[in-house]
Amino acid sequence: MIKQAFVKFVKPFMDAASKEGAINNERRTLTALRLDLDAAKNRVRAAKTADEMKELENFVDEAQKKFDEQYEICREVLEERDQANAEMVVHLEDLCQVQVDYFKAATELCQEMCSKVLNRPTKGKAPARKRKDSSSDEE
């Protein structure tokens with residue numbers, strides 16, 4: 001049960017970690033396209049004739065279109081990442097609950113075993129040894 005919960009948690013975590021490079025690549029591409037768009041807009045502002053300005057505005061429109069497309073790609077990738085993170089949190093909560101239940105059952109089992117050992121019948125046997133207190137400092 002713990003193994004299943006652990007695998008459910010680790011799988012999305014590893015998938016997200018493997019996609020980290022792709023996310024960074026998309027961001028770098030977006031930054032480069034933004035710089036291209038800014039440069040194109042600056043060229044339009046610096047244009048001296050109307051014909052030159054019109055030609056450069058077409059270049060700005062193309063750069064804007066490429067930037068918008070890349071922006072949408074980045075937005076979708078980041079939304080997928082947010083969804084994966086939300087799923088990881090759910091799986092982590094499940095893993096924690098399974099571990100709490102497991103250790104609670106283990107504690108109860110150990111307490112039951114300890115009480116059985118301490119309350120065992122000693123008729124016809126050597127008297128029960130006195131337990132050492134682990135907190136005392138004996139020399």
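Two residues are in contact when they have heavy atoms within 4.5 Å of each other. Among contacts in this chain between residues at least 6 apart in sequence, 71% join residues at least 24 apart. What you're looking at is a predicted model, where local features need pLDDT of at least 70, side-chain atom pairs count only at pLDDT 80 or more, and totals for chains, interfaces and linings use all residues. Residues are numbered from 1 along each chain as its sequence is written, and side-chain values use heavy atoms, with hydrogens and water left out.

View 1. Helices (H or I, at least four residues) and strands (E, at least two) are DSSP runs, numbered from the N terminus. Of the 139 residues in the chain, 16% are buried; buried means under 20% relative accessible area, exposed means over 50%, and partly exposed is in between (1.4 Å probe, protein chains only). The chain exposes about 11,700 Å², with carbon and sulfur atoms supplying 55% of that. Those areas come from the Shrake-Rupley method with a 1.4 Å probe, and for residues only the protein chains shown count as cover.

**View 2. Helix 2 runs over residues 50–118.** Its 69 residues reach 99 Å from first C-alpha to last, close to the expected 102 Å. That expected span is 1.5 Å times one less than the number of residues. Buried residues of helix 2 include Phe67, Ala84, His91 and Val98.

**View 3. The largest nonpolar core has eleven residues.** A nonpolar core is a set of buried Ala, Val, Leu, Ile, Met, Phe, Trp, Tyr and Cys residues joined through side-chain atoms within 4.5 Å. Among the members here are Leu30, Leu37, Val44, Ala47, Leu56 and Phe67. Helix 1 (2–46) and helix 2 each supply at least two residues of this core. Look at Ala47: leaving aside neighbours within four places in sequence, Ala47 touches Glu52, Met53 and Leu56.

**View 4. Gln70 sits in helix 2.** Is Gln70 buried or exposed? Gln70 is buried, because its relative accessible area is 8%. Skip the neighbours within four places in sequence, and Gln70 is in contact with Glu26, Thr29, Leu30 and Leu33.

**View 5. Here are two pairs of residues, Glu20 with Arg81 and Asp68 with Leu33.** Glu20 belongs to helix 1 and is partly exposed at 28%. Glu20 and Arg81 are 61 residues apart in sequence, yet their C-alphas are 9.1 Å apart in space. Asp68, in helix 2, is partly exposed too, at 37%. From Asp68 to Leu33 you count 35 residues in sequence and 9.2 Å in space, C-alpha to C-alpha.

**View 6. The structure holds zero disulfides.** A disulfide is a covalent bond between the sulfur atoms of two cysteines. Here a pair counts if the cysteine sulfur atoms are within 2.5 Å. For Cys114, the nearest cysteine sulfur is that of Cys110, 8.8 Å away. Cys114 is partly exposed, with 36% relative accessibility, while Cys74 is buried at 7%.

**View 7. One aromatic pair turns up in this structure.** The rings of Tyr102 and Phe103 have centres 5.1 Å apart and planes at 80°, so they are edge-to-face. The rule is that rings of Phe, Tyr and Trp (its six-membered ring) pair if their centres lie within 6.5 Å; planes under 30 degrees apart are stacked, over 60 edge-to-face, and the rest tilted. Tyr102 is partly exposed at 46%, and Phe103 is partly exposed at 49%.
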